[in-house]
Amino acid sequence: MARVTLEHITKRYEDVTAVDDMNVEIRDGEFVCLVGPSGCGKSTTMEIVAGLTTPTEGTVFIGDADVTKLPPKDRGVAMVFQNIALFPHMNVWENISFGLRLRKFDTDEIDRRVEHAADIVQLEGMLERMPDEMSGGQRQRVAIARAIVRNPDVFLMDEPLANLDAKLRVHMRTELQRLHKELDTTIIYVTHDQAEAMTMSDRIAVINAGRLQQIDPPLICYNEPANLFVAGFIGSPSMNFVEGDLTRDGLETPNFSVEFDPSQVPNATVGDRLTLGIRPEDVFLEHRAGNLETTTDPIDAVTDVLEPMGDEIFVYLLLDESAERSMEDALATPNQLLMSVSPDTEIHEDERTNVVLDRSKVHLFDTDTGEALVHGIDDLPGPTAGADTGAGTAGTETRATGSGTDTER
Amino acid sequence: MAAETPTETQPRTDETEREGPLARWTQGVISDPDRRKLLYRALFYVITLFFLVTTLFPFYWLLVLALTPNSLILAGDWDLPFLRPQGFNPEAFVEVFQQIPFHLYVFNSFVLATATTIIVIVIASLAGYVFGRLSFPGRGPLMLAILMVSYFPPAAFLIPLFEAFTGNVIVIPFLGIPLFEPPRLVNTPGSMVLPFSALFLPLSIFILTTFYAQIPDGLEDAARVEGTTRLGALFRVIMPLSAPGVATAAVLTFIAVYNEYFFSSIMALGNEPQQWSPLVGGLLQYQSLYSTEFNLMAAASIVGVLPVVILVVVAQERIVSGLTAGALKE
């Protein structure tokens, strides 16, 4: 068990920067997921921790030791690979005991440990089999047993469930969580599946284009995303984004406006271009929003397409009826809004309706930088005329606390 | 072939009277999948038979010669067309070892071939790993340069090598500046194993490069995380999984060196087993100024071939088992 610290890790291939100045500290015993779209550098980051790739710049610490120059075998890490990577010419016992045999453990000890590891992943009685005689899930369990048998300080898992079918994946997900509880080892887990990241990890590190966007517990990433990328990446379906201008009365978008005191928004001044983010479940039909404390003014909308999921219905709303209905992703077009409602809601396609947004769940982002400015505008008072002069100081104060929130969590 | 002819021609005769039998037969093969399968099977047997005869007849002829006493061979009174031994003289196989120490010649070739094979496989594995699994600037030109060694006829290297191996001082051409004095290697295995290794390396490097390149990166990464070095991963994971390729390279090298005569006959100054003269040199010892003992040469050839036959059979087993066990699920 050990901490893993990455300091200013940068990895450049000829003209591509795969990882760009990554600074992460992963605590002892923590389960951290690295998530991001394909090619964002999360696997490279993991390979750097494992020692399979040497960083161009920066330092890797495992525990207190600088392991940047150490080969993988001396780092005390174990890894589970996306393609499982069992040695096809060895049976299960030989695969699991490979690392122990290399380290010249005595036979009794090897047998005892292999037995124990096989027990944890429920592989009893299969030790004589060859990898190609096993199913995908069994092979994955062998790979995990091979990793745990050496009692590594750090577990690295590179999309270990990606090659399994959906049902097995959910099953292995719980198995892995149970394993983490049992072993209490530091686990770094790479995935592009944000559902896996949300359900399993203590903290999520969201990576995009080689840069760390946010590292926080799953619910913080969900409720207080640090920027537009995290907001759009975490959550399925993803957040609605509407661009607008910051005015003296609040935010003015092409189809509706949200009122608040703009001076209370840190790092933004009247006239700035802002993006409003609201999750589908925080959009409500006006007559159903009774139990919300603060809502925005009603927004006229027409329902477009309904997607009944069973436990909820996704409703695509058109804010501007006259605008052309776009077949593109609803989130890309500013006149559409995705709403999720409970399945017992009476709602039909092409129906005129009014919706409101939960003010406490409205996120404001700076459109240019993508940085989050405010999460929830229910605390911001309504527009106060003539407060412009005094608001400058208040704005700076909020900015200070605001930036603190982004980095610390 | 004989069995299928009637079944093919008869049913069609009444339908297509005007076409000749060949046209009817080809039509039948084209249209009828069963008949086509039969034709393919027949062709398979014909071709197999052809290759079996061409490859096995020399061995049969060796056996015939070995069993026939030399006087009868020289008489040349064979009963055609079936060549069979004229008389039965298995003592030739014993006489082979009595006339000259033939087993020493076999031993020489075996040692030379084994040593060369080990050197070639080890070095070619390292080179194959580098060329197959790493990317670095100049990989292509470097590979080409290595392959160029095999474009030269081996004889081109003979004179300079002989000069060097006889212990002559190496001198820079035209300038006459002496560089160093190499050890005198003639009459030792070194003078043969070194050039053989150099000559057979390019082919083995080429074979192993293609095989090693196919092993998924994940397996090597897994081995390295589990506790091997890059070298360890090469010898514990990549090589076993490339067993067919390694076996192919090893067998090719072994057979080529085992049969080699040109270099070794020159590097061994006399045709004596103590001077590491090879197997073929031994065979030629049965030929003297006044007589050639064909029966002994044939018997010795059979004896000399046996180790290679055994080796190839064993390696073949390996190749086949390697192909099935190495089936990668990726």
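A cavity is a set of grid points where a 1.4 Å probe fits but cannot get out, and its volume is the space filled by probe spheres set on those points. The legends below describe close-up views of a predicted model.

**View 1. The second largest cavity, with a volume of about 50 Å³.** This cavity is one of two in the structure that reach 30 Å³ or more. Sorted by class, the lining residues of the second largest cavity are nine nonpolar and one polar, with no charged residue.

**View 2. The largest cavity, with a volume of about 70 Å³.** Around this cavity lie A:Ile120, A:Val121, A:Arg141, A:Ile144, A:Met172, A:Glu175, A:Leu176, A:Arg178 and A:Leu179. Helix H4 (136-148) and helix H5 (166-183) of chain A are the elements that give two or more residues to this lining, and H5(A) provides the largest share, five residues. Six residues of the lining of the largest cavity are nonpolar and three are charged, while none is polar.

**View 3. An open sheet of six strands in chain A.** Strands of a sheet pair through backbone hydrogen bonds, which may be parallel or antiparallel in arrangement. Here the pairing is antiparallel, and the strands follow the order E13-E12-E11-E14-E20-E21. Because strand E13 (257-259) and strand E21 (372-375) of chain A stand at the edges and have a single partner strand each, one side of each is left without a neighbour in the sheet. On average, and with direction ignored, neighbouring strands of this sheet are turned by 30 degrees against each other.

**View 4. The pairing of strands E20 and E21 of chain A.** Strand E20 (residues 363-366) runs antiparallel to E21(A), and three bridges join the two. For A:His363, the bridge partner in E21(A) is A:His375.

**View 5. The packing of helices H2 and H3 of chain B.** Helix H2 (residues 21-31) and helix H3 (residues 33-67) of chain B pack at an angle of about 105 degrees, and their axes are 5 Å apart. Since angles of 65 to 115 degrees count as roughly perpendicular, H2(B) and H3(B) are therefore described as roughly perpendicular to each other. From H2(B), the contact involves B:Trp25, B:Gly28, B:Val29, B:Ile30 and B:Ser31, and from H3(B) it involves B:Pro33, B:Arg35, B:Arg36 and B:Leu39. By class, this contact of H2(B) with H3(B) comprises five nonpolar, two polar and two charged residues.

Key
Residues numbered from 1 in each chain as written. Chains lettered and ligands numbered in written order. Predicted model: local features only at pLDDT ≥ 70, side-chain atom pairs only at ≥ 80, totals over all residues. Heavy atoms only, no water. Pairing = 2+ DSSP bridges. Helix = DSSP H or I, 4+ residues; strand = E, 2+ residues; numbered from the N terminus. Axes fitted to C-alpha atoms, helices over the stretch in contact; angles between N-to-C directions. 1 Å grid on protein atoms, 1.4 Å probe; cavity = no way out; pocket = protein on both sides within 12 Å on 5 of 7 lines; lining within 4 Å. Nonpolar A, V, L, I, M, F, W, Y, C, P; charged D, E, K, R; others polar. Parallel < 35°, antiparallel > 145°, perpendicular 65-115°, else oblique. Contact = heavy atoms within 4.5 Å.
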